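Here is a short report on one protein model. Look over the chain and its fold, then read on.

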Amino acid sequence: MEAPYVVLPEAKLFSKRATRLRELVAQVPPLDEFLAFMGRLVQAQHQVLTEREPAWRPPADAFDQALKHGMPPLGFQALRRDVHWQQDLLAILDAVELHVGERQRPLLATLREIPADRLDELADDVFEMRPGDEATRGLLPLVAAALQVTWVRLAMGLPKAPARPMGEARALCPCCGAAPVASVVHNERHRSGVRYLHCSLCATEWHLERVKCSVCDSGGKLLYLSLDDDQGKPFLPVHAEACNECHSYLKIMQRELHGRADPVADDLASLALDLLLAEQDEYARSGYNPLLIAGS
């Protein structure tokens, strides 16, 4: 069976991600509190996705023309003011409120009080991959979590997957136009050993050949860097695919090494690899994880 070029997200996406985060809490003690909170947040995403019926769903033929002409049917630039993502945010806050510590409670309270137009401005920071200002930076992962639920739901409702992106668009999600968070080498029978980029917003995956830079398309000057344990083996099933042509890197999650490796969860757990590469100041991170609070 030929591996599909584009794969839409599945209903158990957030549930599987939350399970992986709970595993990583024990595996990465320096980040246990952070990963535990993210695990609760992602579990709330699953709850909202599976239990909440949105006030609006697009008609079945709403995206036919975009799919026909090879345009991202869920392009965030076009839909960012039309979808009702703020209701998903309130539902996530309700779902997570009883399971967070005192440190996170002020964030939830602040989000409940922010006016709708200001929430849209925070969403713009997420869409445009901006760190936001210092006063609101801690709110962005919660806003991003709601946006992910909204766009994953829309992607699941598409009648079919969009076509594989070509040319310069290969680095952007063919479904919503967002950047990838990382890439994943799968171990499923129908796509074993095949690498896909994983969208940071709608979780759609699209095929990209292995040993090829996702930024500049170069394949001849790639290095694979990892954090190794005492036996010289990768501490996590994560490598940084670093390109000596454009000096960028994108993490690649190896499900051949761990069957539940997740592009978002394992990216958060491997922050030490990002810090190491930042210290060396040779490669710039190209992946975008909207659940990660980053400075300017």
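The backbone oxygen of Glu-209 sits 2.8 Å from a polar side-chain atom of Arg-195. That is a polar contact (a pair of N or O atoms within 3.5 Å; within protein, one must be able to donate a hydrogen and the other to accept it, and residues adjacent in sequence count only if both atoms are side-chain atoms). This is a predicted model: local features need pLDDT of at least 70, side-chain atom pairs count only at pLDDT 80 or more, and totals for chains, interfaces and linings use all residues. Residues are numbered from 1 along each chain as its sequence is written, and side-chain values use heavy atoms, with hydrogens and water left out.

**Around Arg-195**

Arg-195 belongs to strand 3. Strands (E, at least two residues) and helices (H or I, at least four) are DSSP runs, numbered from the N terminus. Arg-195 is buried, at 1% relative accessibility. Buried means under 20% relative accessible area, exposed over 50%, and partly exposed in between (1.4 Å probe, protein chains only). The side chain of Arg-195 also makes a polar contact of 3.2 Å with that of Glu-241. Beyond neighbours within four places in sequence, Arg-195 is in contact (heavy atoms within 4.5 Å) with residues including Val-184, Trp-206, Leu-208 and Ile-252.

**Salt bridges**

How many salt bridges does the rule count? The count is 29. The rule asks for a side-chain nitrogen of Lys or Arg within 4 Å of a carboxyl oxygen of Asp or Glu. Four of these pairs are listed here.

| Pair | N to O distance |
|---|---|
| Arg-170 and Glu-209 | 3.0 Å |
| Arg-191 and Glu-188 | 2.8 Å |
| Asp-274 and Arg-285 | 2.9 Å |
| Asp-266 and Arg-20 | 2.8 Å |

Take the salt bridge of Arg-170 and Glu-209. Arg-170 lies in the loop between helix 8 and strand 2 (180-185), and Glu-209 in the loop between strand 4 and strand 5 (222-225), so the pair ties together parts 39 residues apart in sequence. Arg-170 is buried at 14%, while Glu-209 is partly exposed at 27%.

Arg-191 is buried at 8%. Asp-274 in helix 10 (271-280) and Arg-285 in strand 8 (284-285) are 11 residues apart. Asp-274 is buried at 10%, and Arg-285 is partly exposed at 29%. Shared partners join Arg-20, Glu-23, Arg-260 and Asp-266 into one salt-bridge network.

**Two domains**

The protein has domain 1 (11-157) and domain 2 (168-285), with bounds from an automatic or database domain assignment. The contact takes 25 residues from domain 1 and 27 residues from domain 2. The two domains bury about 1,900 Å² between them, 68% of it on carbon and sulfur atoms. Buried area is the accessible area (1.4 Å probe) that two parts lose on being put together, summed over both. Across this interface the rule finds 3 salt bridges and 9 residue pairs in polar contact. Which element gives the largest share of the side of domain 1 that touches domain 2? Helix 1 does, with 7 residues.

**Positive phi**

Most residues other than glycine have a negative phi. Ala-203 has a positive phi near 65°. Ala-203 sits in the loop between strand 3 (195-199) and strand 4 (205-207), and is buried at 7%. His-247 has a positive phi of about 60°. His-247 lies in the loop between strand 6 (238-243) and strand 7 (248-254), and is partly exposed at 36%.
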